[in-house]
Number of protein chains: 6
Amino acid sequence: MFYHVKELQYWAKPERPDPVYAKKLQEILGGQFGEISVAIQYLFQGWNTRGNEKYRDMLMDVGTEELAHIEMLTTMIAHLLEGAPVDQQEQAAQDPMLAAILGGMNPQHAIVSGLGAMPVNSAGVPWNGGYTIASGNLLADFRANLNAESQGRLQAVRLYEQTDDRGVKDMLSFLIARDTMHQNQWLAAISELEAQEGVIVPSTFPRELEKREVSHLFINLSRGEESAQGRWASGPSMDGEGEFQYFAEPYPFADAPSLNPAPPYIHDTPPMM
Amino acid sequence: MFYHVKELQYWAKPERPDPVYAKKLQEILGGQFGEISVAIQYLFQGWNTRGNEKYRDMLMDVGTEELAHIEMLTTMIAHLLEGAPVDQQEQAAQDPMLAAILGGMNPQHAIVSGLGAMPVNSAGVPWNGGYTIASGNLLADFRANLNAESQGRLQAVRLYEQTDDRGVKDMLSFLIARDTMHQNQWLAAISELEAQEGVIVPSTFPRELEKREVSHLFINLSRGEESAQGRWASGPSMDGEGEFQYFAEPYPFADAPSLNPAPPYIHDTPPMM
Amino acid sequence: MFYHVKELQYWAKPERPDPVYAKKLQEILGGQFGEISVAIQYLFQGWNTRGNEKYRDMLMDVGTEELAHIEMLTTMIAHLLEGAPVDQQEQAAQDPMLAAILGGMNPQHAIVSGLGAMPVNSAGVPWNGGYTIASGNLLADFRANLNAESQGRLQAVRLYEQTDDRGVKDMLSFLIARDTMHQNQWLAAISELEAQEGVIVPSTFPRELEKREVSHLFINLSRGEESAQGRWASGPSMDGEGEFQYFAEPYPFADAPSLNPAPPYIHDTPPMM
Amino acid sequence: MFYHVKELQYWAKPERPDPVYAKKLQEILGGQFGEISVAIQYLFQGWNTRGNEKYRDMLMDVGTEELAHIEMLTTMIAHLLEGAPVDQQEQAAQDPMLAAILGGMNPQHAIVSGLGAMPVNSAGVPWNGGYTIASGNLLADFRANLNAESQGRLQAVRLYEQTDDRGVKDMLSFLIARDTMHQNQWLAAISELEAQEGVIVPSTFPRELEKREVSHLFINLSRGEESAQGRWASGPSMDGEGEFQYFAEPYPFADAPSLNPAPPYIHDTPPMM
Amino acid sequence: MFYHVKELQYWAKPERPDPVYAKKLQEILGGQFGEISVAIQYLFQGWNTRGNEKYRDMLMDVGTEELAHIEMLTTMIAHLLEGAPVDQQEQAAQDPMLAAILGGMNPQHAIVSGLGAMPVNSAGVPWNGGYTIASGNLLADFRANLNAESQGRLQAVRLYEQTDDRGVKDMLSFLIARDTMHQNQWLAAISELEAQEGVIVPSTFPRELEKREVSHLFINLSRGEESAQGRWASGPSMDGEGEFQYFAEPYPFADAPSLNPAPPYIHDTPPMM
Amino acid sequence: MFYHVKELQYWAKPERPDPVYAKKLQEILGGQFGEISVAIQYLFQGWNTRGNEKYRDMLMDVGTEELAHIEMLTTMIAHLLEGAPVDQQEQAAQDPMLAAILGGMNPQHAIVSGLGAMPVNSAGVPWNGGYTIASGNLLADFRANLNAESQGRLQAVRLYEQTDDRGVKDMLSFLIARDTMHQNQWLAAISELEAQEGVIVPSTFPRELEKREVSHLFINLSRGEESAQGRWASGPSMDGEGEFQYFAEPYPFADAPSLNPAPPYIHDTPPMM
């Protein structure tokens, strides 16, 4: 169960309205790696955790924090939209600067949400549950989380570069620091799990059941051999189970496929003579 | 530019038709972590790479291999659908086993694709470009790729457990082994980049610009302190820049928000007396 | 079955082209509460009505009218796009006003639809069937309809404020008036049904099967008690079945959850020691 | 900011696994009117409220409670999936009852989420932000909320009828009672606002700007006049501004439309001679 | 503007309930080539037609007919769902035939729509506006329409094979005949336009502006030359502008690409030494 | 299996950065008729072909070429984004031309992809698998392909008109020429199949099973008889099976529908007295 307090986790007031930037900020609210994504993802991972209470508790901590970040961003977007000059039609018709602002904002902020934030990304596409990753396997999921915090911090940093409003920059500097912590945290949790299980997910599948001939083989399917220079092309494999090999001129391991004609009731094209 | 050869990279013929399993296999073809996702993701990452030819070449190698995996799975699904008894209505009306099979398959395999594979997941939801991750930052993206191969191998292993058809198991054992290699590969590439850049993405943002007070702070927002037992709660941080701290009874850093009334032309509810 | 006549239900010619406004108008054509939504929604409700011919007939009347509103809006958008200066590249490169217009329009209006309307919203996101509400329960659905006409009229009014084209305003004043009527109409239909059934949907579920202790209880899960001042916090409940109560310091009614470990073939993370 | 406690708001253990029912329960978790929808909707409405603190506080109360309902449903679904016999292939091949269960469950519960809940509906379609309604106009939005609780209670009641597991029924009886309260609550809040503003949303648009001739006119566009028997067809209008009228044989108010040919650079079909 | 009459364009009563088949029929109602798609598509094409009244009128005729087909299918689905035994839980727990039926139907038909049709396809995925094709170029669009009627008739024929209910078959035989007519019709309209404009869309782009060296060149990018046997590989081209040529061993016409590094504020991976 | 070579199939360097045009070009990369669509479509058609090796080989040739077009467009978009002035905030605040450019570009190009292409259309909506057409019936699918190349060429031509960058125009002139070839090719393949099978898809359904009375009947459901002037309204039908007839004043062939009340456990509105 959850409780809400009215205070924001962190806050800084924007210096001025900026509806075009409000549209951009939607990316880290409702985009693939926005705060809605990480909140839902961590909470679902927590709820689905079976028998590892330390990790469940930690996931609920972080998921609950992300709800506070959603709140900070919705509030910031609402502030940035205050003063959006959406009704100054006559003036806009003559002022190219105003026209550029009106054309660059998300029109739904004026028509649909009444100057409020929406669960959409910076292109206006709604957030969707297909972004969520919660597999029941914690090592797999913590890798997803490390990626989410990496992409999320990268986007926040890019947004930091695209404004000179000191209030916005201040709030972003908080979110960026939290992303730093969360990258640290998932790295720490991953290192715990890898130490216990090994690096290949899932660790519980017997390795002799996979086609081991190709488990450490780099296949050079793109002409040119620059890819031979990487750590993945030679030396001991990262899982400690073999040596990387480089397959410079790869060939298929099988024949061409051949499907039978469909039965008549499917009404495919009949085979030609 | 690409060339195609007719031979499959690997292949094994299924022992018998199984339209219900064909529906399930769609997950690793057209699901969030299916072969379409990794093919598109690696190719877009390769095409967007700026000035790191070794990584670009490697990305094109792997992306091109994933195209071959799409091909293997579409072929397998087409074979599993051969013999789907979709027209035996009268018989189905009396045979519960047949009814269960007809009810458990994806009806689109009979109505829409004519016994062929589709770019959809195991629930029939179309693949979509929103799954794709290609940020221009290679360390961020390689973490996405490590996750994709972790989730992908986990799903392939689960599917392996859900059939006893030796042909299907054989083909899956190849894909699982390739996922092993690809996890190894992204681990290797990540270790190269982390050695050069450090572990926090992006490495190029000056750390003094973030709110450093909270960069290594674990915030316990969920009642109970099981989460204090983890590597993330104490000791040196993974980025070597500080010590983890545990904020056991967290409070907000800011006040409650307060928005101004909307201008009249927005027609929000007027403030009540 | 339907018949079409060529005349528009209502019409006013726009004074001048305005491709940026054409993009905005798409909201009330192809957005969540656009005319496509209400047309499809009312028609499906009508077709699914079982045994209440008066309501079925009324739903078909209104659904059929909404088809005419789709037609009015597609025509208006096509007119507003006439004269969109999409090929004046050289001129645009020097004229900021022209650049603002070209940047603010939906590029698909020039590339995809050839200066025609599309079934998308003002951000360019396609209409989708998931917006549709038709449950078979008329009181539930008429509440959905009242909401749709409320949101729709609100959006039309906001759009009215964002133009000074007298033709556009004239056409909107017709649509706004129809939304007034349709709010009136759903209010009337709702009052009929509530008088007969009571206000809780569905009325046919025996109230003693619900956990009645919490059927009139307001739970204050957000710190602060401003919410105690509302009609919902004390006095007789709206359904006449009890008294509202205010639960000022709520606690959980249950214990913490505990899931069993997954079976081995699921390959979740094994429980840690 | 939010805090989480480990205890569930309410709980009852299911008597036995039921993966087919787990798939159905997803509807009220991740469907159009599931708990994710109402949680996100009420929270966004709260965050976007400008200057009506009583309503903001109330919205945050209810939105926060819905987070607890998400938690109850994810936990219930995880329990119902325990014991799903997804690996019993050989047995399934001969047991029609087992085949029916395996065919009737959502395959993603076994392949993707590892026996956990997902943010999808009962057909497996991901939740999406396009369901969310938060317009800034409270009367409009409370009507949306009343509808959401009406549809939500209706769906919960239907699900109640589709199981005889006493644990599941017990938990549903709690959710159904809360939906009763929430319908009561939105009815109460609506009556407050309507008393203050009137019944037409938005109340702030001058009525003389709409085409008043059609503001109280029912248009009979579907052959037959059953619709004349309703409250909406005669008598004083609900907004107290006029009398309902019935337009029995409606005609268009305008001429047929006529669009100009597209300019050559659009490459439409040239007009034929 | 539209009028509705209560009579169905064509109708035949199903012999018995069949909720699994109801799910399948959704494909030709709400799928990519269902009746909603063609109705919306033809109507939008009609509304966007500029200056070719004969075609506009014809499009409105056919679009209006497709609305009647939507109506026929929603009615048929509602009938097929009458008698769906969704509450017989105890019985289902022991009867595999009943379990197969309950597992094979779309659960939303019982939970969401109350035994009514929905705007979704046979997998339960909502219809979406992205299926719609209306470009302003009539020859392009009539080809889209010919395809839609070809796919639609193919799907209807496959569904005809999957039932032995005489009522359903009768109704399908009407829809299949209309699809025959509509294929005939689009073939006729295409032949008119091709006779006037030529076969390449758009006809108005000066052919000398395209890279004519490759305008009639078949490029053999897949190993093996079976594709040389087709009409497209030799002989006069269909547009009468040249001769087909077969490029048996194709090579690239350009160099490898080379992108510049991103500027620092983008925070991509810096180029490695 | 596939191989990749580093060289582009064709290439021309753009004269200057143009982030607004980069957004537009996304349409023919990730839109409904973009290169991703045709690549996936032709490859799936090829993989699903049963027993017609000439067509399978041809489909693989063209599908593989389209992969090269994806590559050309991603490279072009990345070049056009080089030099996008996304961090010049202070300057933008005063320069309307710069503001117009920043407002007109897709913000995700700067925030999400780091100046790279994305699998989205020109409105920023992700590509989705629901666009794909692969039915197993080659004549149906080749009609889909002819449409795709018609729409695709039309869009490329429109984009050609919207730039005066000679590099971009050069590259487009190559793609336009290939679309010319591909229209020629599908026309050729269609003429082969129609010669063998006839023009109605599917050809294998016995014509006597359809309701032949309406197989050649044009139904005039839109007031006015302009549509009587077309080739489809009189004369021999295109399938050689009859004569077109014009049904000038059409009536329904059936009665009004009548549904039974839903059973009580569905909780629909009970029928009113």
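F:D95 is partly exposed in this predicted model, with a relative accessible area of 28%. Partly exposed covers the range between buried, under 20% relative accessible area, and exposed, over 50% (1.4 Å probe, protein chains only). F:D95 sits in the loop that joins helix 4 (89-92) to helix 5 (96-104) of chain F. Helices (H or I, at least four residues) and strands (E, at least two) are DSSP runs, numbered from the N terminus. A polar atom of the F:D95 side chain lies 2.9 Å from the backbone nitrogen of F:M97. A polar contact is a pair of N or O atoms within 3.5 Å; within protein, one must be able to donate a hydrogen and the other to accept it, and residues adjacent in sequence count only if both atoms are side-chain atoms. From F:D95 to F:L175 the separation is 80 residues in sequence and 36 Å in space, C-alpha to C-alpha.

The model is predicted: local features need pLDDT of at least 70, side-chain atom pairs count only at pLDDT 80 or more, and totals for chains, interfaces and linings use all residues. Residues are numbered from 1 along each chain as its sequence is written, chains are lettered from A and ligands numbered from 1 in the order in which they are written, and side-chain values use heavy atoms, with hydrogens and water left out.

Chain A is assigned domain 1 (19-197) and domain 2 (206-272). These bounds come from an automatic or database domain assignment. The centres of domain 1 and domain 2 of chain A, taken over C-alpha atoms, are 37 Å apart.

UniProt, in an unreviewed entry, places a "binding site" feature at A:E66. This residue belongs to helix 3 (residues 53-81) of chain A. A:E66 is buried, at 1% relative accessible area. The "binding site" annotation of the unreviewed UniProt entry also covers A:D57, A:D61, A:N220, A:S222 and A:G224. These five positions span 168 residues in sequence, and their farthest two C-alpha atoms are 48.9 Å apart, so they do not all gather at one spot. A:D57 is in helix 3 of chain A. A:D57 is buried, with 1% relative accessibility. UniProt positions follow the numbering used here, feature names are shortened, and annotations may be inferred rather than shown by experiment.

The largest cavity holds about 700 Å³ of space. It is lined by 31 residues, and A:N128, B:N128, C:N128, D:N128 and E:N128 are the closest to its centre. A cavity is a set of points, on a 1 Å grid over the protein atoms alone, where a 1.4 Å probe fits but cannot get out; lining residues have an atom within 4 Å of a point. The lining has 20 nonpolar, eleven polar and no charged residues. C:N128 lies in the loop between helix 6 (107-111) and helix 7 (138-161) of chain C. C:N128 counts as buried at 18% relative accessibility. Its side chain reaches the backbone nitrogen of C:G130 at 2.6 Å.

The peptide bond from C:V201 to C:P202 is cis, with omega near -15°. C:P202 is in the loop between helix 8 (166-197) and strand 2 (217-219) of chain C. D:L115 is not a glycine, yet has a positive phi of about 70°. D:L115 is buried, at 1% relative accessibility. F:H267, also not a glycine, has a positive phi of about 60°. F:H267 falls in the segment after strand 3 (245-247) of chain F.

Key:
On a 1 Å grid over the protein atoms alone, a cavity is a set of points where a 1.4 Å probe fits but cannot get out, and a pocket is an open set with protein on both sides within 12 Å along at least five of seven lines; lining residues have an atom within 4 Å of a point. Grid points are joined across faces, edges and corners, and a volume is the space filled by probe spheres set on the points. Ala, Val, Leu, Ile, Met, Phe, Trp, Tyr, Cys and Pro count as nonpolar, Asp, Glu, Lys and Arg as charged, and the others, Gly among them, as polar.
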